[in-house]
Amino acid sequence: MPDPTILTIRRPDDWHVHLRDGAMLAAVVGHTARQFARAIVMPNLSPPVTSTAMAAAYRERIIAALPEGSDFTPLMTCYLTDASDPDDLRRGFAQGVYTAAKLYPAHATTNSAHGVTDVANIRGALEAMQAIGMPLLVHGEVTTPEIDVFDREAVFIDRVLAPLVEAMPALKVVFEHITTAQAVAFVDGAGPNVAATITPQHLHLNRNALFAGGLRPHAYCLPVVKREEHRLALRRAATSGSAKYFLGTDTAPHAQSAKETDCGCAGIFNAPFALESYAAVFDEEGALDRFEAFASENGPRFYGLPLNQGTVTLERGATAVPAKIMVGGTTLVPFHFGETLGWRLR
Ligand code: NCD
Ligand code: ZN
């Protein structure tokens with residue numbers, strides 16, 4: 001691969017975003033819409049998006065909050081609970097309101113108190129989804145207090161995900177924001193209906209980042225970043241050319257004051273420089289020729305959606321990431337704050 005100074009790829013999508021609601025939505029949606037044509041919008045609002053009617057109303061609020069002239073398309077998801085109604089899933093998917101449904105194990109992460117307490121409770125919902133080809137998006141962590149926080153994903157694979165995939169072999173599953181070598185091995189070894197998203201932070205950071213010179217709240221997200229060997233496994237997976245891996249930033253804005261406090265929120269706001277961040281990884285791995293598949297092709301093919309028309313261009317050049325991004329009266333600290341990235345989105 002020659003060393004290009006310009007990288008033009010088909011317009012990409014982001015298969016995992018938190019756009020929030022209200023003033024925060026209005027402040028952050030433009031960052032995602034500037035970089036991506038479409039995004040899978042996570043349903044963990046408070047209260048969560050648990051019905052077709054709620055998802056349709058949320059979609060309207062997102063579209064109303066878009067910057068003038070934006071053609072960004074939000075792809076909506078249903079938040080699964082123990083009480084999820086298979087008929088609502090079928091209806092919402094048939095109507096084109098829902099693109100997928102999200103499984104949050106109860107109490108695994110931000111606004112997941114209403115999540116599923118046992119996958120046995122959503123068996124009917126999952127059977128309906130398998131029958132209609134509706135993807136299940138999985139936050140893959142057990143929440144049992146005796147399991148070490150760094151082991152939650154690996155234990156989830158053994159206890160929940162592997163048995164689920166075996167029991168429902170035709171269910172489309174996206175293992176979201178994978179963080180471990182065990183997750184890569186599981187996805188690689190599973191059938192073509194099992195895929196995974198990978199975030200920029202899990203490609204850039206290992207768990208030392210949480211404690212680099214002091215406690216670092218802006219490196220804290222869930223699932224938490226892991227050891228170096230896991231980061232390297234994720235880099236190999238993302239840049240391998242396998243169609244099972246695609247871009248999902250998990251951009252998760254929380255006000256600076258909610259991150260820098262005695263019990264700081266999990267989530268990294270990476271939307272403003274997401275493509276630049278991923279491009280740096282593919283560049284470092286000598287895999288810029290594989291970036292387009294990861295960013296723009298593997299996701300839509302897995303979801304059965306058309307590839308985007310049009311292109312975006314990244315060029316080599318110093319991009320200084322600001323220390324803060326002001327949104328209305330709220331301050332957000334972006335991923336890579338204070339760093340300089342080597343790519344710039346035109
Ligand atoms: C997400 C959030 O803040 O909504 N936080 C995070 O650390 N990723 C929730 C999630 O995706 O786990
Ligand atoms: Zn998320």
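Guide: Let us begin with a definition: contact means heavy atoms within 4.5 Å. The model is predicted, so local features need pLDDT of at least 70 and side-chain atom pairs count only at pLDDT 80 or more, while totals for chains, interfaces and linings use all residues. Residues are numbered from 1 along each chain as its sequence is written, chains are lettered from A and ligands numbered from 1 in the order in which they are written, and side-chain values use heavy atoms, with hydrogens and water left out.

Visitor: With which residues is Val49 in contact, leaving aside its neighbours within four places in sequence?

Guide: Val49 is in contact with Pro43, Met54, Ala55, Tyr58, Thr77, Cys78 and Tyr79. Val49 itself lies in the loop between β3 (38-41) and α2 (52-65). Such names refer to DSSP runs, numbered from the N terminus: helices are H or I, at least four residues, and strands are E, at least two.

Visitor: Why does Val49 count as buried?

Guide: Buried means under 20% relative accessible area, exposed means over 50%, and partly exposed lies in between (1.4 Å probe, protein chains only). The relative accessibility of Val49 is 2%, and therefore Val49 counts as buried.

Visitor: What makes both faces of β3 covered?

Guide: On one side Arg38 and Ile40 are buried, and on the other Ala39 and Val41 are buried. As for β4, this strand is mostly covered, with six of its seven residues buried.

Visitor: How many bridges join β2 and β3?

Guide: Strand β2 (residues 14-17) pairs with β3 in the parallel sense over two bridges. Val17 has Val41 in β3 as its bridge partner. Parallel pairing also links β4 and β5, over four bridges, and Met76 stands opposite Tyr98 in β5.

Visitor: In what order do the strands form the open sheet?

Guide: The eight strands run in the order β2-β3-β4-β5-β6-β7-β8-β9, with parallel pairing. Its edge strands are β2 and β9 (245-247), since each pairs on one side only. On average, neighbouring strands of this sheet are turned by 30° against each other, direction ignored. Helix α2 packs on the sheet, touching β3, β4 and β5 (98-103), and its direction makes about 150° with that of β4. Axes here are lines fitted to C-alpha atoms, for helices over the stretch in contact, and angles run from 0 to 180 degrees between N-to-C directions.

Visitor: Why is a crossover called right-handed?

Guide: The term applies if, with the strands pointing away from the viewer, the path from the first strand over the helix to the second runs clockwise. One right-handed β-α-β unit consists of β2, helix α1 (residues 22-35) and β3. Another is made by β3, α2 and β4, and a further one by β4, helix α3 (residues 86-94) and β5.

Visitor: Which residues are the closest around ligand 1?

Guide: Of the 15 residues that surround ligand 1, the closest are Asn44, Thr109, Leu222, Asp250 and His254. A residue is near a molecule or strand if one of its heavy atoms lies within 4 Å of it. An oxygen atom of ligand 1 is 2.8 Å from an N or O atom in the side chain of Arg20.

Visitor: What makes the approach of Glu315 to Arg346 a polar contact?

Guide: A polar contact is a pair of N or O atoms within 3.5 Å; within protein, one must be able to donate a hydrogen and the other to accept it, and residues adjacent in sequence count only if both atoms are side-chain atoms. The side chains of Glu315 and Arg346 make such a contact at 2.7 Å. Glu315 belongs to strand β10 (residues 311-320).

Visitor: Is Glu315 buried or exposed?

Guide: Its relative accessible area is 18%, and therefore Glu315 is buried.

Methods
Two strands pair if DSSP finds at least two bridges between them.
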